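Please open the structure in a viewer and keep the sequence panel beside it.

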Amino acid sequence: VTSADTAPYLLGLRLAGRLVVVVGGGGVALRRVSALLAAGAQVRIVAAEVTPALDDLAARDRVALTRRGYADGDLDGAWLAVAATSDPAVNAEVGADAERRRVWCVRSDDATAATAWVPATGQAGPFTVGVHAGRDPRRAAAARDLAVAALVEQPPPPVREPPPAGRVVGRVVLVGGGPGDPGLLTVRGWDRLREADVVVTDRLAPLPMLDRLPPSVRVVDASKVPGGRAMPQEEINRTLVAHARAGRVVVRLKGGDPFVLGRGMEEVQACLAAGIPVEVVPGVSSALALPGLAGVPVTHRGVAQSFTVVSGHLPPGAPGSTVDWSALARSGGTLVLLMAVTNLPQITGALLAAGMPATTPVASIEESGIQPGRLRRAELGAVPDGALADVRAPAVIVIGAVVGVAPGADLSGDSADGPSAR
Ligand SMILES: C[S@@+](CC[C@H](N)C(=O)[O-])C[C@H]1O[C@@H](n2cnc3c(N)ncnc32)[C@H](O)[C@@H]1O
């Protein structure tokens with residue numbers, strides 16, 4: 001039977017450690033790759049050009065990237081193929097190779113030619129819901145939403161009416177996506193995402209959620225990779241305004257909280273200056289979530305009564321730096337540093353020079369995203385000499401006595417591998 005109208009046979013693929021080859025490096029590939037990684041798949045991307053977030057995943061060895069066009073043999077060893085290029089001829093070639101090799105193939109351009117379809121999926125506690133609705137993905141997404149809402153015993157989400165003809169009703173919503181784990185996106189943030197026509201995303205946002213949106217939702221990758229590819233802020237502002245002016249609901253999906261070292265207010269100001277209605281949905285900042293996931297309390301009775309979140313993107317004394325590191329050294333509270341991996345030796349040197357005790361404990365918590373983050377500890381005095389030198393960004397650094405309160409704290413050595421964060 002070859003008819004695309006035959007109901008598909010629903011399976012749950014257990015992809016952990018199994019190779020999936022994704023051909024294409026644009027917004028569709030980004031959605032698929034993020035969801036495949038969340039399912040534990042080993043992902044290889046074949047594409048001459050990829051979006052910055054995919055580039056970044058490759059640089060961090062989360063995916064293998066073959067940076068060229070598709071070639072015969074690229075599906076060697078694959079359990080599943082995803083043809084997600086913008087060129088139907090290439091997708092057809094991938095589909096034909098997959099057919100010959102008896103590898104299931106998802107196609108972004110032609111559902112009738114694909115041998116596998118990705119259902120609209122959702123999670124409600126222990127339930128994973130998958131819905132197909134013929135070839136009507138919007139209907140499938142709506143049915144998925146109803147099923148998920150029923151499972152979490154909430155009323156179903158409102159169905160959005162199409163805008164009346166001729167009236168422009170565009171708006172922008174800044175959604176704080178939390179530190180990357182989909183479970184830390186807020187319910188309101190997810191509600192706004194489901195209303196979106198366009199999602200303009202950062203690389204540290206909860207990317208697996210993108211693949212739960214209907215295929216018609218346009219995903220714009222506005223990642224800023226430190227020292228790498230970055231969409232300039234002015235261009236991000238222009239993109240938000242242009243889509244909203246065209247009548248679209250635009251979600252600006254940001255990592256953590258939009259107003260914590262995230263340039264969120266600049267985006268709000270740009271929208272207001274253009275007369276675009278804008279809403280802000282706060283998010284769980286990595287400044288709190290990463291220590292929290294790692295078991296480090298930022299305050300603790302009798303230990304620390306305050307915490308200060310500081311950007312470490314500029315070294316102490318650099319032109320443009322407004323941080324008074326000497327005052328922070330005397331604050332008696334916890335310091336939580338973001339964007340501080342590169343400048344950590346100079347920053348800790350300045351804190352020591354201002355009189356902070358060399359025995360003050362320091363923790364680095366590397367990216368958690370959907371994986372457990374790595375927690376490591378050292379004493380402040382050892383950090384300028386190279387303790388924690390191999391911490392990889394993105395990471396959150398916590399300095400203060402609270403680090404000693406975390407379970408498993410062993411501060412006797414200098415740089416010690418701590419327990420897994422979760
Ligand atoms: C430009 S700031 C944005 C902060 C964001 N608005 C927030 O509230 O979390 C980026 C920095 O946040 C921290 N960060 C954000 N997400 C992270 C994650 N998943 N793992 C580790 N650090 C993260 C890192 O210090 C990174 O360099």
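Which residues does Ala 111 touch, not counting residues up to four places away in sequence? Select Ala 111 and display its surroundings: the contacts are Trp 117 and Arg 135. The model on screen is predicted. Ala 111 lies in the loop between strand S5 (104–107) and strand S6 (120–124), and it counts as partly exposed, with a relative accessibility of 30%.

Next, select helix H1 (27–38) and helix H2 (52–59). A pair of packed helices is described by the angle between the axes and the distance between them. Here the angle is about 35 degrees and the axes are 10 Å apart. The crossing of H1 past H2 is left-handed. Show side chains to see the contact: H1 contributes Ala 29, Leu 30, Val 33 and Leu 37, while H2 contributes Ala 53, Leu 54 and Leu 57. Seven residues of this contact are nonpolar, with no polar and no charged residue among them.

**The nonpolar cores**

Extend the view to the largest nonpolar core, which has 40 residues. Val 33, Leu 36 and Val 43 touch the most other members. At least two residues of this core come from each of strand S1 (19–23), H1, strand S2 (42–46), H2, strand S4 (80–83), strand S8, helix H5 (187–194) and strand S11. H1 supplies the largest share, five residues. Center on Val 43: leaving aside residues up to four places away in sequence, it touches Val 20, Val 22, Val 33, Leu 36, Leu 37, Val 63 and Ala 64. Apart from this core lies another, of 22 residues, including Trp 325, Ala 340, Leu 380 and Ala 395.

Now select Arg 60, in the loop between H2 and strand S3 (64–66). Is Arg 60 buried or exposed? Arg 60 counts as buried, because its relative accessibility is 16%, under the 20% cut-off. Beyond residues up to four places away in sequence, Arg 60 touches Arg 203, Glu 367, Arg 392 and Ala 393. Pro 394 is placed in the loop between strand S16 (374–379) and strand S17 (395–399).

Return to the loop between H2 and S3 and select Asp 61. Although not a glycine, Asp 61 has a positive phi of about 60 degrees. Asp 61 is exposed, at 63% relative accessible area. Then select Met 339, another residue other than glycine with a positive phi, near 50 degrees. Met 339 is in the loop between strand S14 (334–338) and helix H10 (344–353) and is partly exposed, at 45% relative accessibility.

**Helix H7**

Finally, select helix H7 (residues 264–273), whose buried residues are Gly 264, Glu 267, Val 268 and Cys 271. These residues lie on the same side of H7, because they cover an arc of only 100 degrees around the axis. Their packing partners are strand S8 (171–176), helix H6 (233–245), strand S11 (249–254) and strand S12 (278–281). Following H7 is Gly 275, with a positive phi near 75 degrees.

Conventions: Residues numbered from 1 in each chain as written. Predicted model: local features only at pLDDT ≥ 70, side-chain atom pairs only at ≥ 80, totals over all residues. Heavy atoms only, no water. Buried < 20%, exposed > 50% of the residue type's maximum accessible area, 1.4 Å probe, protein only. Helix = DSSP H or I, 4+ residues; strand = E, 2+ residues; numbered from the N terminus. Arc of directions from axis to C-beta. Contact = heavy atoms within 4.5 Å. Core = buried A, V, L, I, M, F, W, Y, C linked by side-chain atoms within 4.5 Å. Axes fitted to C-alpha atoms, helices over the stretch in contact; angles between N-to-C directions. Left-handed = near helix turned anticlockwise from the far one by under 90°. Nonpolar A, V, L, I, M, F, W, Y, C, P; charged D, E, K, R; others polar.
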